[in-house]
Amino acid sequence: MSTNPNNSQYRRIIIRRANEYVLFKTDDIAYFFLENKTCFMVDRLQGIKYLVPKTLRDLSMALDPADFYRINKKYLVHIESLRKFKLCVAGRIEVELYPAPKEKVFINQVRMQDFKKWVTKGSNEQETPLFEDILGSQSGYSDY
């Protein structure tokens, strides 16, 4: 994997696929996820899954936190792969990613405030009251 000399964050990732190597810019990565204790990367342009010989912990420490966020123990997502989210039962947030994974992806209550900060950090606008209300109150949304 190639790193940025100024801040030691990855800008490109090289993945071996059979007898060839495929180069990805970090902006072309949708998300990383665990399946059977093995880490995979999904490319944002074609939705192809690639084996990654790193842990999610290593990746989350090496990738730009403005772009990537560890939403739960199985997913590290790029902000551009996040399509929408909704409040669900038990105070969890269901996240819709693109390309869509095979399973539903949730954020638990513990990570909600950090998730809110991450999503709004790149916005030119202030945090909107609607966004604040969605993550701040648990009543009235249990029917999701």
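Predicted model: local features only at pLDDT ≥ 70, side-chain atom pairs only at ≥ 80, totals over all residues.

Biologist: How many aromatic pairs does a search of the whole structure find?

Modeller: A pair of aromatic rings is described by the distance of the centres and the angle of the planes. Rings of Phe, Tyr and Trp (its six-membered ring) pair if their centres lie within 6.5 Å, and planes under 30 degrees apart count as stacked, over 60 as edge-to-face and the rest as tilted. Here the search of the whole structure finds ten aromatic pairs. In one of them, F33 and F40 have ring centres 5.6 Å apart and planes at 25°, so this pair is stacked. In another, the rings of F115 and W118 have centres 6.2 Å apart and planes at 45°, so that pair is tilted.

Biologist: Are F33 and F40 buried or exposed?

Modeller: Buried means under 20% relative accessible area and exposed over 50%, with partly exposed in between (1.4 Å probe, protein chains only). F33 and F40 are buried, and F115 and W118 are both buried as well. Ring pairs also link Y31, F33, F40 and Y75 into a cluster.

Biologist: Which residue lies over the face of F40?

Modeller: A charge sits over a ring if NZ of Lys or CZ of Arg is within 6 Å of the ring centre and within 35 degrees of the ring normal. K49 lies over the face of F40, at 4.5 Å from the ring centre, and R92 lies over the face of F106, at 3.9 Å from the ring centre.

Biologist: In what order do the strands of the five-stranded sheet come?

Modeller: Helices (H or I, at least four residues) and strands (E, at least two) are DSSP runs, numbered from the N terminus, and two strands pair if DSSP finds at least two bridges between them. The five strands form an open sheet in the order β6-β5-β4-β8-β7, and their pairing is antiparallel. Because β6 (49-51) and β7 (68-70) stand at the edges with a single partner strand each, one side of each is left without a neighbour in the sheet.

Biologist: What do β4 and β5 form, and how many residues are between them?

Modeller: They form a hairpin with two residues between them, and N36 in the turn has a positive phi of about 55°. The two strands pair in the antiparallel sense over six bridges, and the bridge partner of L34 in β5 is C39. On the β8 side, three bridges join β4 to β8 in an antiparallel run, and Y31 has V77 as its bridge partner there. Five of the seven residues of β4 are buried, so the strand is largely enclosed by the rest of the structure.

Biologist: Which sheet do β9, β10 and β11 form?

Modeller: These three strands form an open sheet in the order β9-β10-β11, with antiparallel pairing. β9 and β10 (residues 93-97) pair over five bridges, and K86 has E94 as its bridge partner in β10.

Biologist: Which residues have the most contacts inside the largest nonpolar core?

Modeller: In soluble globular proteins, nonpolar side chains tend to be buried together. A nonpolar core is a set of buried Ala, Val, Leu, Ile, Met, Phe, Trp, Tyr and Cys residues joined through side-chain atoms within 4.5 Å. The largest such core has 19 residues, and those with the most contacts inside it are Y31, I71, Y75, L97 and F115. Apart from it lies another core, of 17 residues, among them F24, I29, L63 and F68.

Biologist: Where is the place of D28?

Modeller: D28 is in the loop between β3 (20-25) and β4, and at 23% relative accessibility it counts as partly exposed. The C-alpha atoms of D28 and R44 are separated by 5.3 Å, although the two residues are 16 residues apart along the chain. Contact means heavy atoms within 4.5 Å, and D28 touches D43, R44 and L45, not counting residues up to four places away in sequence.

Technical notes
Residues numbered from 1 in each chain as written. Heavy atoms only, no water.
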